[in-house]
Amino acid sequence: MSVAHADDADDYSRPAGETYHAEKALPSGDFYTGQWRDSLPHGHGKYLWTDGCMYVGEWHRGKTMGKGRFSWPSGATYEGDFKNGYMDGKGTYIDSSGDLYRGSWVMNLRHGQGTKSYVNGDCYDGEWRRGLQDGHGRYQWKNENHYIGQWKNGTMNGNGTMIWSNGNRYDGSWEDSAPKGNGTFRWSDGSFYVGVWSKDPEEQNGTYYPTTTALGNFEWQPQQVFCVDLSECVVCTCQRIPVLPSQKMPVWYGSSEQSSSGNRTKSSASSERPRRRSVDGRVSNGEMELRNNGSGYLQVDDTESNRSSPLRPLRIQPAKKQGQTISKGHKNYDLMLNLQLGIRHSVGRPAPATSLDLKASAFDPKEKLWTKFPSEGSKYTPPHQSVEFKWKDYCPVVFRTLRKLFNVDAADYMLSICGNDALRELSSPGKSGSFFYLTNDDGYMIKTMKKAETKASIRMKLKPVYQNLLICVYLKQVLIRMLPAYYNHVRACENTLVTKFFGLHCVKLTGTAQKKVRFVIMGNLFCTGHSIHRRFDLKGSSHGRLTTKPESEIDPNTTLKDLDLNFIFRLQKNWFQEFCRQVDKDCEFLEQERIMDYSLLVGLHFREASKDSATPTSGARTPTGNPDGGNTRLSRADMDRFLLDASKLASIKLGINMPARVERTMRRSDCENQLVGEPTGEFYDVILYFGVIDILQDYDISKKLEHAYKSMQYDPTSISAVDPKQYSRRFKDFIFKIFAEDT
């Protein structure tokens, strides 16, 4: 038997691309036997680790890819699909205790449809998400009690039915595996109890209806359901996988990382190494290094690849905080103080607990609260150094409930907006009269609109005869008009991509000024520890959708547009399916509300250019495999630790903190308005952030005039101002072209 290290000279004596059977003993003590090509496992093979782990199955260029079986020394096994070293696809996992899961996997996590059979006799069949029961599913206990309904993060949550083996059943709302909200408990004899359920006896309220054919149990108490009936209905947890297969994948020395050795010349070694591309699109033979060129950009030190690559480099600057801090002396300093005082008063004001089922009166446009803030203070307001003003809350109960729905803690909300740190002004007001403010922790964005100055959310350049026909459109009016439908939509769609609204307020200065400023508080899509290296505002139209900045002035804070886009975003299968479903739902909602001119805001964090998974980059990077050491890009092991960390795992949601890949595209030179370029086969690992923004522009008379005027000058299909139905259809067609399943 010929045993060789991974860099054995026998590899160099064979032609490049030849596949043959090999047996390799690695320096770590691991052993591989199977098909081999270009110094890497490629085909069918078996790998045995020194700790007793073993993989038997298909390989592709050094990674487990295809069908395979991984076994642990504890006796646990996984048999099924692998992708890039991860358990990914369809597979069966049996842990050391005997619990069995058969179903879908995504990046080592149970995700999709699957069945879990527990060794104690319990069984769950349904949807999974990020390793936990999430979605619709059925759980049956060994005593034949069973629950059918909605799940969230491994607990019974939402609408569902619990049926006991004695014939009793509960139909209604659940929260944290217990009845919560409206529900009905029925006995096998036909009697039933209808009411509002809660573990807190003071919140419990309902009516008992005995059957007409039997004596009723009038001494029964609803709390017995929690302490007796559900006492044995405990959901089993899944045993954690101690070591993931992707964490065991070896680093193949002697392939692309090593310099030439043995009887192979430097030139032949260079030609046989697998070629790779960096974030900026240049080709490298494995010897490139990302470095800081002194001007703040990250570039590639690889002159040969520079000459061979026809693509323009994608230069990445370290991101800087946006905006100007509003300090004393700033023209909007008093407005900022008024805003902070008002929000602290509104959010801190005691209010009774509210149900998510709001009354129609809560959405009434007349539902608002005025509070006067004199400089010397009052019984309900503190003294302050700003000018006297009045504060108005629009639909306060609705927005308080929205914050609850979005899991916003009141104390954190006040601290973010009203803390010691000042707000930052993002831009000077344009023709719309709007100011944009950002909290110091980047958590919330505040948009103001002055009624006296605002004639439309976005004004067009028309001749004076047309400008005189414009009708005033106010952000406040649009939001309040669509607020009931918006509330129902975000409540029904947990993963909605539309902007999250947290409050709508007004500041009215007293005295001679009598100025009113209305503002809405929204979530900031890019509130993240990752640096956003590229951001795109995408509508699906082509007219005016090209950034006017020269390439030398484009930085991470520059918002690029449709004709600047040079990527296709590739999502994991289950994420892509969920993305498509949610885009359809969100566009249907916006179309019904006659909203148009919205866009998908996308932020990209290139993992190769980052120091780690949670810290913004501040300097040069060394690609993985550099023998000289230094900071490496996010490795597979780092990614596994990220996915297994409970807090970080919970932060991965649709459009938030999503690991993905992007493929670079190129447009044809003979088609300037080509929206989607041709794929080039160059892939980059990224973390994606995206959401639907600018959802407060309805198709009013001003937009109809804009459509009529611009249609006479340009292709009507290329302009943004079109009917909401046409806008929705065009937007979805474009989005589903630039987002694709990662195959």
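Helix axes are lines fitted to C-alpha atoms over the stretch in contact, and the angles between N-to-C directions run from 0 to 180 degrees. On that basis, helix α5 (residues 333-348) and helix α7 (residues 410-418) pack at an angle of about 175 degrees, with their axes 9 Å apart. The model is predicted, with local features needing pLDDT of at least 70 and side-chain atom pairs counting only at pLDDT 80 or more, while totals for chains, interfaces and linings use all residues. Residues are numbered from 1 along each chain as its sequence is written, and side-chain values use heavy atoms, with hydrogens and water left out. Helices (H or I, at least four residues) and strands (E, at least two) are DSSP runs, numbered from the N terminus.

**The α5 and α7 pair**

- Because angles under 35 degrees count as roughly parallel, over 145 as roughly antiparallel, 65 to 115 as roughly perpendicular and the rest as oblique, α5 and α7 are roughly antiparallel to each other.
- On the α5 side the contact (heavy atoms within 4.5 Å) is made by Leu 339, Gln 340, Ile 343, Arg 344, Val 347 and Gly 348, and on the α7 side by Ala 410, Tyr 413, Met 414, Ile 417 and Cys 418.
- These contact residues divide into eight nonpolar, two polar and one charged, where Ala, Val, Leu, Ile, Met, Phe, Trp, Tyr, Cys and Pro count as nonpolar, Asp, Glu, Lys and Arg as charged, and the others, Gly among them, as polar.

- Seven strands make up an open sheet with mixed pairing, in the order β31-β30-β33-β35-β34-β32-β36, two strands being paired if DSSP finds at least two bridges between them.
- The edges are taken by β31 (559-560) and β36 (739-741), each of which has a single partner strand, so one side of each is left without a neighbour in the sheet.
- Within this sheet, β34 (residues 658-666) and β35 (residues 678-693) pair in the antiparallel sense over eight bridges, and Thr 665 stands opposite Pro 679 in β35.
- Helix α10 (residues 573-592) packs on the sheet, where it touches β32 (567-571), β34, β35 and β36, and its direction makes about 145 degrees with that of β36.
- Helix α14 (residues 724-738) lies across β30 (534-538), β32, β33 (599-606) and β36, and runs at about 50 degrees to β36.

- Strands β13 (residues 155-163) and β14 (residues 169-175) pair in the antiparallel sense over six bridges, with Gly 172 in β14 as the bridge partner of Gly 160.
- Five residues separate β13 from β14 in their hairpin, and Gly 167 in the turn has a positive phi of about 100 degrees.
- The pairing of β14 with β15 (residues 178-186) is likewise antiparallel over six bridges, and Trp 174 stands opposite Pro 179 in β15.
- The hairpin of β14 and β15 has two residues between its strands, and Asp 176 in the turn has a positive phi of about 55 degrees.

**Individual loop residues**

- Asn 566, in the loop between β31 and β32, is buried at a relative accessible area of 17%, given that buried means under 20%, exposed over 50% and partly exposed in between, with a 1.4 Å probe and protein chains only.
- Leaving aside neighbours within four places in sequence, Asn 566 is in contact with Phe 536, Glu 663, Arg 664 and Thr 665.
- Most residues other than glycine have a negative phi.
- Asn 108, in the loop between β8 (100-106) and β9 (109-117), has a positive phi of about 75 degrees although it is not a glycine, and counts as buried at 5% relative accessibility.
- Arg 594, in the loop between α10 and β33, also is not a glycine and has a positive phi of about 60 degrees, but is partly exposed, with a relative accessible area of 38%.
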